Amino acid sequence: FFAFAKADYPSHIAMAIITLTTDFGEKDHFAGAVKGAIYSELSDIRIVDITHSISPFHITEAAYIIQNAYKNFPKGSIHIIGVDSELTPETNHIAVKLEDHYFICANNGIISMLTSEIKPEKIVEINIHDNIESNFPVLDVFVKVACHIARGGTLEVIGKPISKIKQLTGIKPVVNPENSQIIGNVIYIDNYGNVISNINKVLFEKIGKGRRFTIQARSIKFSKVYNRYSDFINFDNPKNKRVEDGKKLALWNSSNYLELSIYKSNPKTVGSASSLFGLNYRDTVSINFE
């Protein structure tokens with residue numbers, strides 16, 4: 001019933017990768033059903049789970065995860081983002097081509113973290129919904145679009161071009177007029193309880209220009225940022241005399257965002273940076289330069 005039926009595509013097209021990023025969790029059938037629907041369309045496709053553990057409806061968390069994951073996949077990969085994806089009068093569905101990757105999601109601001117730094121090559125508003133009866137858009141709409149792209153289909157077949165998408169608020173830090181302060185927010189808390197802010201190393205170096213600084217989040221302060229966890233360890237001390245475990249540190253994480261951590265903490269036993277510092281999503285993290 002779609003113009004992009006299986007027979008319309010040549011058989012020589014290279015096998016694509018479809019990734020899944022959702023808030024479905026592991027208990028329910030949703031993630032498995034989506035994979036089954038993809039395999040029913042394309043039996044030789046490769047499916048990669050980025051994560052199904054996004055906090056329910058947490059679009060900022062999903063945006064952070066997909067921003068830091070997609071670049072590790074080959075160009076041409078197709079990324080389904082199933083978070084807060086219901087079609088409503090205020091939220092349509094979109095497909096975006098960016099850096100030769102394809103993203104299929106709700107137009108709820110989730111993709112704006114990527115487009116704030118990189119201009120999309122193409123954006124379309126998906127308009128195939130009249131042919132589908134379902135209240136599970138990731139399973140039906142997003143899967144159909146992803147498989148269409150995987151077969152070599154163009155975005156124009158499944159949607160009309162648009163130029164603007166919804167913006168996610170609170171993902172950009174603010175710099176004061178005197179360039180003496182950066183005010184950011186917590187945008188993600190990882191599996192270890194580490195707190196990630198929206199302040200990245202590029203902005204820090206641009207504004208700081210080598211000046212001394214103080215990082216503050218609630219009552220916690222830092223005056224140094226490490227480039228990796230191992231930089232925090234004094235390897236000149238014998239192992240049995242090191243006391244780094246449980247100490248607080250700030251570092252640039254693998255995505256070059258400012259992270260506040262407790263070294264080798266365990267959230268299930270002694271606590272983590274989030275619990276011990278009392279920091280949660282959207283809490284303020286500021287850097288003051290001298």
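Helix H2's buried residues are Ile59, Thr60, Glu61, Ala62, Ala63, Tyr64, Ile65, Ile66, Gln67 and Ala69. Here buried stands for under 20% relative accessible area, exposed for over 50%, and partly exposed for anything in between (1.4 Å probe, protein chains only). That is 10 of the 11 residues of H2 (residues 59-69), so the helix is largely enclosed by the rest of the structure.

Before going on, a word on what you're looking at: this is a predicted model, where local features need pLDDT of at least 70, side-chain atom pairs count only at pLDDT 80 or more, and totals for chains, interfaces and linings use all residues. Residues are numbered from 1 along each chain as its sequence is written, and side-chain values use heavy atoms, leaving out hydrogens and water.

**The whole chain**

The protein chain has six helices and 15 strands. These are DSSP runs numbered from the N terminus, with helices (H or I) needing at least four residues and strands (E) at least two. Of the chain's 290 residues, 50% are buried. Its accessible surface is about 14900 Å², and carbon and sulfur atoms hold 49% of that; such areas come from the Shrake-Rupley method with a 1.4 Å probe, and for residues only the protein chains shown count as cover. Take the contacts (heavy atoms within 4.5 Å) between residues at least 6 apart in sequence: 70% of them join residues at least 24 apart.

Helix H1 (residues 30-41) and helix H4 (residues 137-150) have axes that come within 10 Å and cross at roughly 40°. The axes are lines fitted to C-alpha atoms, for helices over the stretch in contact, with angles from 0 to 180 degrees between N-to-C directions. Who meets whom? On the H1 side it's Ala33, Val34, Ala37, Ile38 and Glu41, and on the H4 side Val138, Leu139, Val143, Lys144 and Cys147. Glu41 and Lys144 also belong to one network with Arg151, joined by salt bridges that share partners.

**Salt bridges**

The structure holds nine salt bridges, each a side-chain nitrogen of Lys or Arg within 4 Å of a carboxyl oxygen of Asp or Glu. Here are some of them:

| Pair | N to O distance |
|---|---|
| Glu125 and Lys160 | 4.0 Å |
| Arg212 and Glu290 | 3.1 Å |
| Asp283 and Arg218 | 3.4 Å |

Glu125 sits in strand E6 (residues 122-126) and Lys160 in strand E7 (residues 159-161), so their bridge ties together parts 35 residues apart in sequence. Glu125 is partly exposed at 22% relative accessibility, and Lys160 is partly exposed at 47%.

Arg212, in the loop between helix H5 (201-208) and strand E11 (213-217), is 78 residues from Glu290, in the segment after strand E15 (284-289). Both Arg212 and Glu290 are exposed.

Asp283 lies in the loop between helix H6 (273-277) and E15, and Arg218 in the loop between E11 and strand E12 (220-222), so this pair ties together parts 65 residues apart in sequence. Is Asp283 buried or exposed? Asp283 is buried at 17%, while Arg218 is exposed at 52%.

**Positive phi values**

Glu99 isn't a glycine, yet its phi is positive, about 55°. You'll find Glu99 in the loop between strand E4 (93-98) and strand E5 (101-106), partly exposed at 29% relative accessible area. Arg282 also has a positive phi, near 75°, without being a glycine. Arg282 lies in the loop between H6 and E15 and is partly exposed at 41% relative accessibility.
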